[in-house]
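We will visit a few places one after another.

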2 protein chains.
Amino acid sequence: MLPFEILEYQERLRKTKELMTKKGIDVLLITDPANMNYLSGYDAWSFYVHQMLVVMIDEAQPLWIGRYLDAKGAVVKTWMFDENVIAYPDFYVHSEDNHPMDFIASVFNQRGLGSKSFGVEMDHYYFTAKAFEQLRRNLPNASFKNADLLVNSVRMIKSDQEIEYMRRAAMIAEQAMYKGVDSVRAGGRECDTAAMIYYHLLTGTTEHGGDYPAIVPFLPTGQNTSIPHLTWTDKQFSEGEAVIIELAGCYQRYHVPLARTVSIGKPLDKLQNLAPIAVEGINDVLTAVKPGMTCGEVESVWRNSIKKYGIEKESRLGYSVGLNYPPDWGEHTASIRKGDTTILKPNMTFHLIPGLWFDTYGIEISETFRVTEKGCETFTNYPRELLINTPFRLDQQGGIIS
Amino acid sequence: MLPFEILEYQERLRKTKELMTKKGIDVLLITDPANMNYLSGYDAWSFYVHQMLVVMIDEAQPLWIGRYLDAKGAVVKTWMFDENVIAYPDFYVHSEDNHPMDFIASVFNQRGLGSKSFGVEMDHYYFTAKAFEQLRRNLPNASFKNADLLVNSVRMIKSDQEIEYMRRAAMIAEQAMYKGVDSVRAGGRECDTAAMIYYHLLTGTTEHGGDYPAIVPFLPTGQNTSIPHLTWTDKQFSEGEAVIIELAGCYQRYHVPLARTVSIGKPLDKLQNLAPIAVEGINDVLTAVKPGMTCGEVESVWRNSIKKYGIEKESRLGYSVGLNYPPDWGEHTASIRKGDTTILKPNMTFHLIPGLWFDTYGIEISETFRVTEKGCETFTNYPRELLINTPFRLDQQGGIIS
């Protein structure tokens, strides 16, 4: 039932403990659901209540602590012994009087961990200001260290099995992109394209069903192509508009994002002029990437490529990607941007998304790539260009359908 | 373009300021994306980076502060003047050296707010321990009060326009449930049912396109029906299995959740015996609900109803529901459970989901209802029973379609 061999989970745990030792952390409290999954196998949509995985430096297995209703899921979905699953009663859920961290702290006190050195994921969504306050109040003799991105940094280099899952996610991403692009026609509604994309992201392939992506597809349209993080409405597409589709295929929580821009009929001149510049920049980057380079050096390849055409880009070009949960598929470790000193190594995986956004238009063409022994390879093989649809869907005789 | 009249946003703001005054808060920092949307109209999937809406007690309009890339979305999607949209540069995003709250605190200092009394949403997902730490470090003369659920409490009573949006969400929920249930047959895959549900959630109706729900559909199957928060896999359904479908229709970010349990062919005896007990309990609750009751009193109606059959339920029965973003469609205010003293008022809306989960099976039948002047009414009108599908899909001649 587990997506990986138990040995792989244990190897991940060993690397995590190495980093804990370096940082002087006895007990690591993991609230990032991707990190929980990475070390234990746990996979459920239960992260809307407080829960955590606890890694103790001298214990062979982590503890899972969460809501009573979800404990059975932890028994079924993780490799640990049942006795390592600990549940808090339901009256701790969304209550003003009882906080789950009070319960969790009492577990630590009972186990004699009250004066240990704890690592906490200070800037993770699912570790709130209140959670930290309650932990500190209930563990007055403990010390706390920031363990942000500790497990994330272990996640950066993928195993062959993880890469295989990303290849499956890539097949799903390509299929959803084909179906989504094909549905972008004058008179169609944005929500119908979103529906078509989601259908194919989830039904997946005959061999491999799809999982939900950590972010919904983005579908900025017309002038809103200058605003990258808008979702869809129920407005109809019009002839002459451009539409950006940014999506990710997902398999076993591993993501391969892919973005393309499609014009409904003849593109605006400025968009048509911009597209080859973006594609040349991406090609230059993909040709240059090899192990040993830094992320900052990768960015400079892009910067020099577009500078020839008088274009600058402020925002980052991309980021490390893989296993994740809402609200983000990025790993929050390396970014492809000026000054990032992360050194590329084989089996690191990045979403290269050098979006260019101007006043009333923008373009996104992206690739997810794996660093190989000598260079890099993309996960998907989708035409890397500004896509141009006939404005209406035509039947075999050339008549307009619908 | 805004889903509500500006006057409605301003009325919400007025109620929020009333509560701020009561609590002695000068400046309210809102990080819950549902609360940001509620007061400003802002709607984008940008909550994976730090952002906030700032309500100052003596200013007519809030400030939106967020990432440079998203600022234009704030200009387009909110009712405020452009000058009230403030953006931080991209090097603050997912960086170890620069935190967005450093930038945001500097804005407050520049505006002379450095020694004010700030309200913060201490237990919200998107207000991390680190965010609070950086704010306090950069605003040493400020005081901080917990403003958790302050805006959420204003959200509890819906306007007629909000109810209208929930009715549209309800139509979408019903349609997705019909299509999802119909697809649950032996040999079909869980992921194909999830795909079918999502397609109909998003394509919506001819008049109203669907929005993404704050939680993905839950699809626990077979023995996993005892575990409520599992999502789907690519396993095939088998004859004799039960499947729980919990989903929500969503329109303009307003949710109407709906859960049903469907058996593929003849149900297990224990499930068939349990179903009428659950339905009777729900009917008893819906008959009893009226303004003036407390949520705790509503729970006792259920408790007495199922006690007749020797059944007890530990977990809460339901919760306030409406406008929301991932990871939860619940409003985190009132819960229908023992001891909750919230008094029901007209146009409060709840998801009543008295799931019963046992060792190897479970049942979920739910209704979302609105409190009316005299009682309550459900948003959807879907058969309230254990659903039983023929195991295989049959053609018009009675042959098996697979």
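Which residue of strand 10 of chain B is the bridge partner of V321(B)? Select V321(B) and look across to strand 10 of chain B: the partner is G330(B). Keep in mind on this tour that you are looking at a predicted model.

**Stop 1: a sheet in chain B**

Strand 9 of chain B covers residues 318-321, and it pairs with strand 10 of chain B in the antiparallel sense over three bridges. Strands of a sheet pair through backbone hydrogen bonds, either parallel or antiparallel.

You will find an open sheet of five strands in chain B, in the order 10-9-11-14-15, with antiparallel pairing. Its edges are strand 10 (330-336) and strand 15 (376-378) of chain B, each of which pairs on one side only. Turn the view and follow the twist, which averages 35° from one strand to the next.

**Stop 2: where the chains touch**

Show both chains together. How many residues does each chain bring to the contact? Chain A brings 59 residues and chain B brings 59 residues. On the side of chain A that touches chain B, the elements giving two or more residues are helix 3 (68-77), helix 5 (129-138), helix 8 (190-203) and strand 10 (330-336) of chain A. Helix 8 of chain A gives the most, with eight residues. Color this side of chain A by residue kind, and you get 31 nonpolar, 17 polar and 11 charged residues.

**Stop 3**

Finally, select residues 6-23 of chain A, which are helix 1. Its 18 residues reach 26 Å from the first C-alpha to the last, close to the 26 Å expected.

Which residues of helix 1 of chain A are buried? They are Y9(A), L13(A), T16(A) and M20(A). These residues cover an arc of only 65° around the axis, so they sit on the same side of helix 1 of chain A. They pack against strand 1 (27-30), helix 2 (33-40), strand 2 (52-56), strand 5 (117-120) and helix 6 (150-155) of chain A.

Last, click on G24(A), which follows helix 1 of chain A and has a positive phi, near 70°.

Conventions
Residues numbered from 1 in each chain as written. Chains lettered and ligands numbered in written order. Predicted model: local features only at pLDDT ≥ 70, side-chain atom pairs only at ≥ 80, totals over all residues. Pairing = 2+ DSSP bridges. Helix = DSSP H or I, 4+ residues; strand = E, 2+ residues; numbered from the N terminus. Axes fitted to C-alpha atoms, helices over the stretch in contact; angles between N-to-C directions. Contact = placed C-beta atoms within 7 Å. Nonpolar A, V, L, I, M, F, W, Y, C, P; charged D, E, K, R; others polar. Expected span 1.5 Å × (residues − 1). Buried ≥ 20, exposed ≤ 12 C-beta atoms within 10 Å, placed from the backbone. Arc of directions from axis to C-beta.
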